[in-house]
Amino acid sequence: MTSTPVAPAAPRGLAGVVVTDTALGDVRGREGFYHYRQYSAIELARTRGFEDVWYLMFHGELPDRTAAADFAARTASLRTLPADVTEALPAIARASAVSGPLAGLRTALSLLGASAGFRPVYDIGAGRRREDALAVSAAVPTILTALHRLGQGLEPVAPRADLPHAANYLYMLTGSEPRPEQVRAIEQYLVSTVDHGFNASTFTARVVASTGADLAACLVAAVGALSGPLHGGAPSRALDTLDAIGTPDRIDGWIREQVLSGRRIMGFGHPVYRTEDPRSRMLKSIAQGFGGPLVDFAVEVEAQVEAILAELKPGRELHTNVEFYAGVVMELCGLPRAMFTPTFCAARVIGWSANILEQAEDSKIIRPAARYVGAPPPQPVPAP
């Protein structure tokens with residue numbers, strides 16, 4: 001009698017399990033380093049604009065001046081939504097009034113894909129897939145800002161093709177042209193969050209892409225994963241922590257109470273990094289460039305949290321993650337807290353799309369196994 005071979009069990013959460021090969025980038029947590037293609041993501045954020053990094057993720061190389069100008073013009077022309085999507089946004093905003101723009105985005109993306117006639121990635125070539133990815137990535141900021149404004153009782157602001165990506169995003173959100181220092185700060189944040197290894201939402205997008213589904217379906221699934229508070233919901237919560245502490249004299253007592261009661265301190269710790277999060281380091285520098293009481297308070301909280309954690313949990317290094325100073329920077333740039341995670345999404349849609357394009361080149365469906373731990377079968381079915 002031959003027994004059925006049993007596959008080895010994976011660790012909980014698939015931590016550290018390699019499931020595919022990728023040329024898009026990686027996170028080296030022990031070094032505090034991550035990259036897009038062959039370039040340091042932080043160096044790209046410091047030296048390049050958002051459109052250049054978008055081009056890199058989709059085409060595999062950085063553009064020269066001519067290609068960069070052509071790509072910027074092409075993506076800017078795709079910011080305007082189809083009429084049927086625009087007409088549906090007020091109803092979507094009303095329906096998602098409590099849950100917010102990220103929930104509304106799921107519905108709007110489904111409608112956008114249907115309106116644009118997106119076909120399964122399995123049935124189309126690489127060129128058509130890239131065109132779909134460009135169209136939806138350019139449209140997401142327009143959708144998010146429109147849903148936010150409609151939710152506030154304001155009219156959406158139409159995109160402007162003459163503004164770069166980050167400047168146009170802030171313009172559509174606020175209705176006024178942002179200051180250059182605000183644009184650059186948000187652009188650096190957007191670049192730094194384009195991609196970050198095989199996180200939950202990226203893996204979700206690739207699982208759906210492996211079925212051959214259309215690009216909009218893959219992105220709806222990714223947004224659903226991002227909406228979970230353990231994944232994408234922390235930037236505003238980290239800022240809420242600063243509000244809850246309130247004043248410098250309350251830091252020590254508040255933090256000790258949180259740690260000793262076993263509650264998580266939002267904005268600290270990361271499942272991959274075992275050293276300082278490089279995104280946090282960069283965003284802290286950006287925040288300090290603005291200066292002011294909020295920044296000073298955040299820096300003091302960071303120092304005291306790390307000292308208290310070192311005392312109460314020796315040997316377990318916990319540092320600020322991207323959300324801690326991301327919340328500070330976005331607050332300084334005038335973004336409402338309800339738009340912190342949607343802003344993250346406006347950047348990450350590029351990484352998701354690049355991963356979908358890469359996954360679509362492999363026709364093998366992702367179909368892992370589960371270990372059954374229920375009552376032993378087969379058992380007699382009881383009579384009714």
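The following legends describe views of a predicted model.

Local features in this model require pLDDT of at least 70 and side-chain atom pairs pLDDT 80 or more, whereas totals for chains, interfaces and linings use all residues. Residues are numbered from 1 along each chain as its sequence is written, and side-chain values use heavy atoms, without hydrogens or water.

**View 1. Overall fold of the protein chain.** The chain contains 16 helices and three strands, taken as DSSP runs (helices H or I, at least four residues; strands E, at least two). Its C-alpha trace spans about 70 × 55 × 50 Å along the principal axes. Of the 384 residues, 48% are buried, meaning under 20% relative accessible area with a 1.4 Å probe and protein chains only.

**View 2. Surroundings of serine 353.** Serine 353 lies in helix α16, which covers residues 340-359. This serine is buried, its relative accessible area being 0%. Leaving aside residues up to four places away in sequence, serine 353 touches Phe58, Ala133, Val136, Ser137, Leu215 and Leu219; contact means heavy atoms within 4.5 Å.

**View 3. The second largest pocket.** A pocket is an open set of points on a 1 Å grid over the protein atoms alone, where a 1.4 Å probe fits, with protein on both sides within 12 Å along at least five of seven lines. This pocket holds about 630 Å³ of space, the volume being that filled by probe spheres set on the points. Its lining comprises 20 residues, with Pro8, Ala10, Leu14, Pro368 and Ala369 nearest the centre; lining residues have an atom within 4 Å of a point.

Definitions and conventions
Buried < 20%, exposed > 50% of the residue type's maximum accessible area, 1.4 Å probe, protein only.
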